[in-house]
Structure formats: C-alpha cells, structure tokens
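Biologist: I'm new to this structure and would like to learn how to read it. Could you take me through it feature by feature?

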Amino acid sequence: MDSWGQLSGQFAVASVANRGEDEKGFLTKATIEKVPDKVLLHIFSYLSHREICKLATICKKWRQTAYDTRLWSAVSLRPEISGLHVLNLESLLTLISVRFGASLRYIELPIELITHHVFHELANKCPNLTHMLLDFSTAMQLHDFSEMQAFPTKLKYLCICLSEVIFMEGFMRKIYNFINGLEILHLVGTYEKVEEEEEEVYEVINVHKLKAATPNLRVINMYGITFVDDSHIEAFSSNCIQLECLAVNFCNKVTGSCLKTVFQRSKGLKCLLMNQTSLQSQHLMQVEWEKTAIQELDISATDLSTECLIDMLTRIPALRYLSAGQINGFNDSVMKAFMEQGNPRNIVGLDLDASDNLSDEAIHRFVTKYGHQLQALSLSGMPHITDQLWQAILPIIKNIKIIIMGTQERLGVNIHVDQLMDGIANHCLQLERLELRWDPENLRFSDKSQKAIDILRVKCLKLRALGLSDGRYYEIVKANFERADRNTVVRAITACRVSTYYILQNYKELIFN
C-alpha cells in the first residue's frame with residue numbers, strides 16, 4: 001500500500017474510532033478536521049518527509065502537525081535519498097533550532113551542508129542526536145573547519161561516505177575529541193566509481209589516527225575502500241577490544257594476513273564479512289579458528305583453495321551463518337568435510353551462490369540433515385540446480401525465512417513455477433523474502449497460475465519481498481498482490497535484490513545508505 005493509501009486507511013480507522021451515539025449522523029458530517037491531533041500525528045508518521053512537507057500547505061492545522069518535532073526524529077537531507085533539498089545554510093540552521101530540536105536522533109548531511117556552523121547548532125540544539133551520516137562522496141573541496149569548536153558528543157553511530165580525492169584530516173582532527181563514545185563506524189569508499197585502470201589510489205582518511213579516537217567500537221564496516229589493507233584492520237583491532245563485527249566487503253587489498261593477530265586481540269569477534277577481497281589461503285590457514293568466537297562468516301568471491309576451506313570449516317567451533325558463493329574451490333569434498341568433521345549444528349544461514357563445482361547430491365545431503373534449522377538459503381546462480389531439487393527440499397526447510405533460487409542464465413530445461421509456488425506455500429509458512437532469478441523464458445506456468453499465487457499470498461502472510469525477473473509472470477504476480485492491497489511485496493530483481501544478510505545478528509547496525 002502506498003503512503004496516500006495508508007493515509008486514507010488510517011483516516012477510516014480514525015473515523016470509526018470517533019463515532020458518536022448517532023452513527024448515521026456522524027457519517028454524514030465526518031471530516032478530517034474532526035480527527036484528534038494525536039491521531040492525525042500518528043497518520044502523518046507513516047509518510048515520508050517529502051509528503052509531509054506537501055501536506056503542510058493544505059491548511060493551518062495540517063501545517064502545525066507537519067512541523068511537530070516528533071515527526072522529525074530521523075532526517076535525510078540528501079536530495080537523491082529523501083527528495084528533500086535545503087536551499088541554503090540559513091534555512092538549515094533555522095530547521096535545526098525550530099523543527100528538529102531535542103527530537104532529532106538521526107541525520108544525513110550532503111557535502112554542501114557539512115560546515116562548522118551546522119555542527120555547532122546540532123551540538124547545542126539537538127542533545128539526543130546519536131546517529132549521523134556525512135556524505136563527502138561528491139566533494140571536490142572541503143569547507144573551512146579551522147574555527148570549529150563544537151560537535152555532537154553523544155554519537156553512537158557515524159557513517160562517512162568518502163571522496164576519491166579529498167583528504168579528510170583537516171576535518172577529522174577537529175572531531176576526534178568528540179567521538180570516543182562511538183560504537184558503530186561505517187567508512188564507505190568509492191569502489192563502484194573507480195575505473196579498472198586507476199593510476200593512483202589516495203588514502204583520504206587516516207585510519208591509524210581514527211582508531212585511537214574510537215576505543216569503544218563494536219561494529220566496523222569499511223565498504224569498498226580501495227586503499228584499505230590488512231594494516232588498517234590490524235590498527236583498529238589494536239585499540240577496539242570490544243569489536244564483535246568487522247566487515248571489509250569489496251576492499252580488494254585485504255589478503256587476510258592480519259586475521260591471526262585480529263582474533264588474538266578481539267576475543268569477542270563473532271561476525272567477519274570479507275566478500276570480494278583478495279584473501280590468500282596460507283594466511284587463513286594460520287588462524288587459530290578453534291580458539292575464535294566466530295559465528296558468521298562471508299568469504300564469497302575469493303580465491304580460497306579447497307584445502308583452505310576444509311581446514312577452516314572443520315576448525316570453526318560453532319558457525320551459524322556461512323556465505324561462500326563464487327568460489328571455485330568450494331566443492332563436494334568441502335561440503336562432506338564440513339558435515340563429517342566440522343560443526344554445522346548451529347547453522348541457520350547458508351549462501352552458496354554460483355557454486356558451480358558443488359553437486360545437487362551434496363546439497364541435498366546437507367539440507368536433508370540440517371535443513372530443519374535453516375532460516376536463509378541461497379542456491380542461486382547454478383544452472384544445474386532446478387525446481388526438481390527445490391521441490392525435494394521444500395518439505396524439509398519448514399523454518400525458512402529467506403529463499404534465493406534460480407539463475408539468469410538461459411537454461412535448456414523449463415522451470416514449472418506453479419508447482420514450485422504451491423510447494424513454497426504449503427511448506428514455508430514463515431517465509432519473509434523470496435527471490436526467483438530464472439530467466440522469464442524458462443518459466444512455465446498455466447492459465448491457472450492465479451490459484452498457486454493466491455495460495456502463496458494467503459498462506460505466507462509474513463512475506464515482505466518477492467523478487468522476479470521482469471516479464472509476463474512478474475506482471476501476473478504483481479497484479480495479484482496489488483489486488484490484495486499488498487503493493488510493495490512484488491519487485492523486479494533489476495531494482496531490488498534479496499540478501500541472506502538479513503539474518504545476521506548485527507544486520508541493523510550494518511545498514512547504511
């Protein structure tokens with residue numbers, strides 16, 4: 001249901017709640033003006049800030065409600081994210097004082113609004129501000145921070161989107177004394193913008209100085225930063241003894257040479273995400289995995305050998321989440337060793353995307369034994385894994401919440417999607433997210449597809465996202481859910497992808513825009 005649909009629906013509920021003794025008389029005279037202020041405020045809370053600003057122009061009462069500070073506790077001022085564009089600094093300073101105030105807990109600022117005047121106002125007028133995102137990604141030069149004397153002091157979460165060419169030290173040295181209470185740090189790099197033949201990589205932020213100012217970090221996420229290597233990870237571990245989650249996805253200079261030292265220092269490290277890094281087998285085999293507290297591991301799209309994978313998975317004491325897709329070395333021998341010598345008894349999430357050297361027999365054996373405990377399973381990107389295997393394992397994975405299946409590669413066989421949907425509906429009642437990546441040309445369905453879709457929609461009431469390749473079947477499913485006022489469930493996978501990361505224990509703390 002879209003925001004305006006929510007608004008009308010909430011008004012209908014409010015109207016019923018405000019019926020007088022003469023129900024007929026009330027219904028003929030009911031108007032939005034009769035809705036109590038606190039109910040109207042609750043209705044507005046379902047809307048985006050951009051929509052709230054539009055409603056502020058309707059009437060005086062709606063304007064007063066729209067500017068209630070309780071609606072402005074989490075604010076993004078990046079136009080490409082929220083649609084809100086602040087014209088000048090004076091307008092923002094007024095907003096901070098009048099509209100945000102003590103209610104503000106989260107704010108996102110684009111480069112043009114990152115000035116010492118803004119930080120001074122936020123520090124003085126927003127005492128409950130705990131989460132902040134600063135977007136320097138498009139910066140060609142920084143503002144002058146030489147006169148900056150104030151900065152929010154209660155921050156628990158800080159996300160900095162780095163620029164490719166702007167050195168941050170002039171700004172960072174001004175805030176070091178204010179951020180020692182940080183628990184969650186995101187440094188977002190420019191991996192997606194860098195050209196393959198980049199001549200020079202600049203270390204635009206001094207990690208070694210930053211780690212000294214942030215001793216209380218629990219979660220560190222360095223995403224797609226081209227200059228980050230093992231020395232930067234080791235630097236954080238030397239000062240952050242409370243570290244429990246470390247993510248360095250798409251940092252392609254990370255080889256894993258620091259991991260032995262990191263685990264010796266950070267005894268409580270439970271989550272390690274190293275997707276698409278340059279991990280080297282010899283470094284990971286030196287880690288004393290049996291002495292670690294690691295529970296969640298992502299080593300996808302690395303070049304680890306079969307020997308290394310067996311060594312690692314048979315020594316980790318209690319793994320609950322494993323993402324090991326796109327690894328040529330992950331084969332039946334690894335899966336067999338994990339089952340027989342390792343400890344998969346706690347595994348609740350398994351992502352084996354594009355594991356072409358893993359047979360459907362090995363997968364079936366694993367799921368038969370441990371499928372009853374799985375909450376997330378991805379077997380996508382493998383042409384040999386078709387609906388036949390899924391039909392066989394669906395009755396086993398009754399507690400599943402996330403399923404990702406299919407490959408966008410054109411197949412020589414057809415996928416009978418009606419039977420597949422029927423099987424999912426009958427066996428996976430806890431399902432929250434489902435993605436079918438098969439090419440639309442490979443999907444076979446009948447004129448009675450609506451019945452299978454109806455059963456899925458009615459039985460899987462927790463389903464939040466259903467991703468499909470754009471095509472005729474996608475249009476049929478989308479129309480079915482929209483007729484039931486579930487407009488946001490069905491999505492095209494070109495715009496929205498399902499991830500198994502949802503079941504990570506620190507997932508909410510790992511989110512960044």
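Biologist: Let's start with pockets. How much space lies in the largest pocket?

Modeller: On a 1 Å grid over the protein atoms alone, a cavity is a set of points where a 1.4 Å probe fits but cannot get out, while a pocket is an open set with protein on both sides within 12 Å along at least five of seven lines. Grid points are joined across faces, edges and corners, and the volume is the space filled by probe spheres set on the points. Here the largest pocket holds about 1,100 Å³. Its lining has 36 residues, and those closest to the centre are Tyr 223, Phe 250, Val 498, Ser 499 and Tyr 501. Lining residues are those with an atom within 4 Å of a point.

Before we go on: this is a predicted model, where local features need pLDDT of at least 70, side-chain atom pairs count only at pLDDT 80 or more, and totals for chains, interfaces and linings use all residues. Residues are numbered from 1 along each chain as its sequence is written, and side-chain values use heavy atoms, with hydrogens and water left out.

Biologist: Which helix and strands each supply at least two residues of that lining?

Modeller: Helices (H or I, at least four residues) and strands (E, at least two) are DSSP runs, numbered from the N terminus. For this pocket, they are strands E6 (219–223), E10 (321–323) and E12 (376–380), along with helix H21 (507–510).

Biologist: And what does the lining have by class?

Modeller: Ala, Val, Leu, Ile, Met, Phe, Trp, Tyr, Cys and Pro count as nonpolar, Asp, Glu, Lys and Arg as charged, and the others, Gly among them, as polar. That gives 17 nonpolar, 12 polar and seven charged residues.

Biologist: Now a strand. Are the faces of E2 covered or uncovered?

Modeller: Look at relative accessible area: buried is under 20%, exposed is over 50%, and partly exposed is in between (1.4 Å probe, protein chains only). In E2 (residues 106–110), five of five residues are buried. Tyr 106, Glu 108 and Pro 110 sit on one side, with Ile 107 and Leu 109 on the other.

Biologist: Which strands does E2 pair with?

Modeller: Two strands pair if DSSP finds at least two bridges between them. E2 pairs in the parallel sense with E1 (residues 74–76) over three bridges, and Val 75 has Ile 107 as its bridge partner. E2 also pairs in the parallel sense with E3 (residues 131–135), over five bridges; there, Pro 110 is partnered with Asp 135.

Biologist: What do E2, helix H8 and E3 make?

Modeller: Point the strands away from you: a crossover is right-handed if the path from the first strand over the helix to the second runs clockwise. E2, H8 (residues 116–125) and E3 make a right-handed β-α-β unit. So do E17, helix H20 (residues 472–483) and E18.

Biologist: Tell me about E17, then. Which of its residues point which way?

Modeller: In E17 (residues 465–468), Ala 465 and Gly 467 point one way and Leu 466 and Leu 468 the other, and all are buried. E17 pairs in the parallel sense with E15 (residues 433–436) over four bridges, with Leu 466 as the partner of Leu 434. E17 also pairs with E18 (residues 490–492), in the parallel sense over three bridges, and here Leu 468 meets Ala 492.

Biologist: What about helices? Where do the buried residues of H19 fall?

Modeller: Look down the axis and take the directions from it to the C-beta atoms; the arc is that of those directions. In H19 (residues 449–459), the buried residues are Ser 449, Ala 452, Ile 453, Leu 456 and Arg 457. They fall within an arc of 135°, so they line one face of the helix. The face turned away from that buried side carries Lys 451 and Val 458, which are exposed.
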